[in-house]
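Biologist: I am new to this structure and would like a close look at one part of it, the place where charged side chains join into a network. Please begin with the chain as a whole, and then describe the surroundings too.

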Amino acid sequence: MSATQFDYILVGGGLQSGLIVLALKHYQPHAEVLVVERGDRLGGNHTWSFHPKDVSAIASAWLESIVEYRWPSYQVRLKRFEKKIDLAYASISSEHFASMVMGSTDNNGSVVVRTNTEVTEIRRNSITTSKGEKVSGRLVLDCRGPGPSSALPYSMCGYQKFWGFEITLQSDWPYDGPIVMDDRVDQADGFRFIYSLPFERRRVLIEDTRFSNESAIDRDECLAQVRKYLSAIGVEDWSIVREEHGILPMPISPELFPGTNRQFQTGENSQALCGGYAGGWFHAATGYSFPLAIAFAETIATSTPESAELEVAKLAQMHGARARFGRFLNRLLFRLVKPSTRYQIFRRFYKVLSNDSIARFYSHRFTWRDAFRIVVGWPPGGLQPIRFISSFLPAVAKTSAMTNPQSATNSLKEMSI
Ligand SMILES: Cc1cc2nc3c(=O)[nH]c(=O)nc-3n(C[C@H](O)[C@H](O)[C@H](O)COP(=O)(O)OP(=O)(O)OC[C@H]3O[C@@H](n4cnc5c(N)ncnc54)[C@H](O)[C@@H]3O)c2cc1C
């Protein structure tokens, strides 16, 4: 193999690329892999959480060792409803993830990582970097992530947005495990709750999270909510050691299904296979991408560079109907149910679903029976039927796209594919 010919070129060094590197190390330890990241390190600044049940028995062989934190169960607290969910929950910080990915590159030098390098052109079998270098590979994978929320390709979506503060405490945290939803906070700007992950008794990630129709988020306002919450649960002496935030689109409209290629559709670049957020490999109704990113990585690593496209198309087909259902749930959440009563949807979800159904839902492997259980039941109060029905009218999609001309252009091009 020549110096500039790789088996795999991974554009972007985030979650999806890192998972592909780990999977390739397991299945094809001698594959020549190039990862190109524009930032100065792999992984960015995230805490990725998931249910270990998201991971198939086969994938756990290469994923298990990278899990950083693990809890046997977690809790939800919604109005007067509290439940302990007996499902394991796990987290990985991007720092730990990056070190595991970099560690896997030490063995025999077959994985090359280039940071501080922007890829300016992506083709099926080659890339060009901002340094003017052209590199070719048997398979190029575009894993450039979600991009700025101002350029998202959706003509209609809601948002899951959060600001997280990792804090250290002078006394022990009062709860044993994660609380993934605690809505004892002001309910402004959509349905709002606090999410907490106790990494240690005195080190906790605490996030102000909202399911909102607007994408704007204000750090100081989130901090004020977190401060109020901490005071209400008796935690007084604490300091911030790290912050992270996200604005995850929760699409209603049909753009960017798993396996579609944003760059191909917008005509920016041509025909490279897309992984991660860039390829629609995320759960529309949770905003999370970990389970689908694992499935994508497993598929790539168990194919050859030449057969990968076909295998990815099969994977996309398997997830298409579920992606459609996820969008339908978002339409109910963001168009039918008023922000003040959105909590009822989640309360019902955790009340009626068995642990196995919850696990299947998060891992994007839910059955039609699970889907039926989620939507059929006594409707929450405060419905907005006119807003809901009008969301099906093309004129409404057009109006919401008009607020973002770039997204309107993208959507039209995508729909014509
Ligand atoms: C703060 C935060 C927390 C999250 N928590 C969870 C969670 O707990 N569980 C979960 O499942 N999901 C979570 N998500 C959602 C999702 O899993 C993440 O956004 C995930 O990082 C997406 O993976 P990705 O590989 O597609 O993109 P990213 O991880 O964003 O990686 C894309 C990479 O591509 C690089 N890049 C972009 N353009 C170029 C270019 N032209 N040249 C070179 N490099 C480029 C970027 O710098 C970036 O490093 C979270 C998101 C955020 C923002």
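Modeller: The protein chain exposes about 17,900 Å², and carbon and sulfur atoms supply 55% of that area. This is a predicted model. The chain has 417 residues, of which 56% count as buried. It contains 13 helices and 17 strands. Among contacts between residues at least 6 apart in sequence, 73% join residues at least 24 apart.

Now to the charged side chains. A search of the whole structure finds 30 salt bridges. In one of them, Arg-210 forms a salt bridge with Asp-189, with 2.8 Å between the closest N and O atoms. Arg-210 belongs to strand β15, while Asp-189 is in the loop between β13 (179-182) and β14 (191-200). The two residues are 21 residues apart, and the pair links distant parts of the chain. Their surroundings can be read from the accessible areas. Arg-210 has a relative accessible area of 1% and is buried, because the cut-off for buried is under 20%. Asp-189, at 29%, counts as partly exposed.

Another pair is Glu-221 with Arg-192, where the closest N and O atoms are 3.2 Å apart. Here a helix and a strand are linked: Glu-221 is in helix α4 (residues 219-232) and Arg-192 in strand β14, 29 residues apart. Glu-221 is partly exposed, with a relative accessible area of 32%, whereas Arg-192 is buried at 1%. Salt bridges that share partners join both pairs, together with Lys-161 and Asp-208, into one network.

Glu-166 is buried, with a relative accessible area of 9%. Arg-203 is buried as well, at 17% relative accessibility.

Leu-141 lies in strand β11 (residues 134-142) and is buried, with a relative accessible area of 0%. Leaving aside neighbours within four places in sequence, Leu-141 is in contact with Ile-9, Leu-10, Val-11, Ile-20, Leu-273, Phe-296 and Ile-300. Leu-141 and Tyr-8 are 133 residues apart in sequence, yet their C-alpha atoms are 7.4 Å apart in space.

Aromatic rings come next. Counting rings whose centres lie within 6.5 Å gives 22 aromatic pairs. The rings of Tyr-69 and Trp-71 have centres 6.3 Å apart and planes at 25 degrees, so this pair is stacked. Both residues count as buried: Tyr-69 has a relative accessible area of 15%, and Trp-71 has one of 8%.

The pair formed by Phe-325 and Trp-368 is edge-to-face, because the planes stand at 85 degrees, with the ring centres 6.4 Å apart. The pair links distant parts of the chain, with Phe-325 in helix α7 (residues 308-336) and Trp-368 in helix α10 (residues 368-375), 43 residues apart. Phe-325 is buried at 8% relative accessibility, but Trp-368 is exposed at 60%.

Elsewhere, the charged end of Lys-79 sits over the ring of Tyr-343, 4.6 Å from its centre.

Last, the surface. Val-375 lies in helix α10 and is partly exposed, with a relative accessible area of 34%.

Key:
Residues are numbered from 1 along each chain as its sequence is written. This is a predicted model: local features need pLDDT of at least 70, side-chain atom pairs count only at pLDDT 80 or more; totals for chains, interfaces and linings use all residues. Side-chain values use heavy atoms; hydrogens and water are left out. Rings of Phe, Tyr and Trp (its six-membered ring) pair if their centres lie within 6.5 Å; planes under 30 degrees apart count as stacked, over 60 as edge-to-face and the rest as tilted. Buried means under 20% relative accessible area, exposed over 50%, partly exposed in between (1.4 Å probe, protein chains only). Helices (H or I, at least four residues) and strands (E, at least two) are DSSP runs, numbered from the N terminus. A charge sits over a ring if NZ of Lys or CZ of Arg is within 6 Å of the ring centre and within 35 degrees of the ring normal. Contact means heavy atoms within 4.5 Å. Accessible areas come from the Shrake-Rupley method with a 1.4 Å probe; for residues, only the protein chains shown count as cover. A salt bridge is a side-chain nitrogen of Lys or Arg within 4 Å of a carboxyl oxygen of Asp or Glu.
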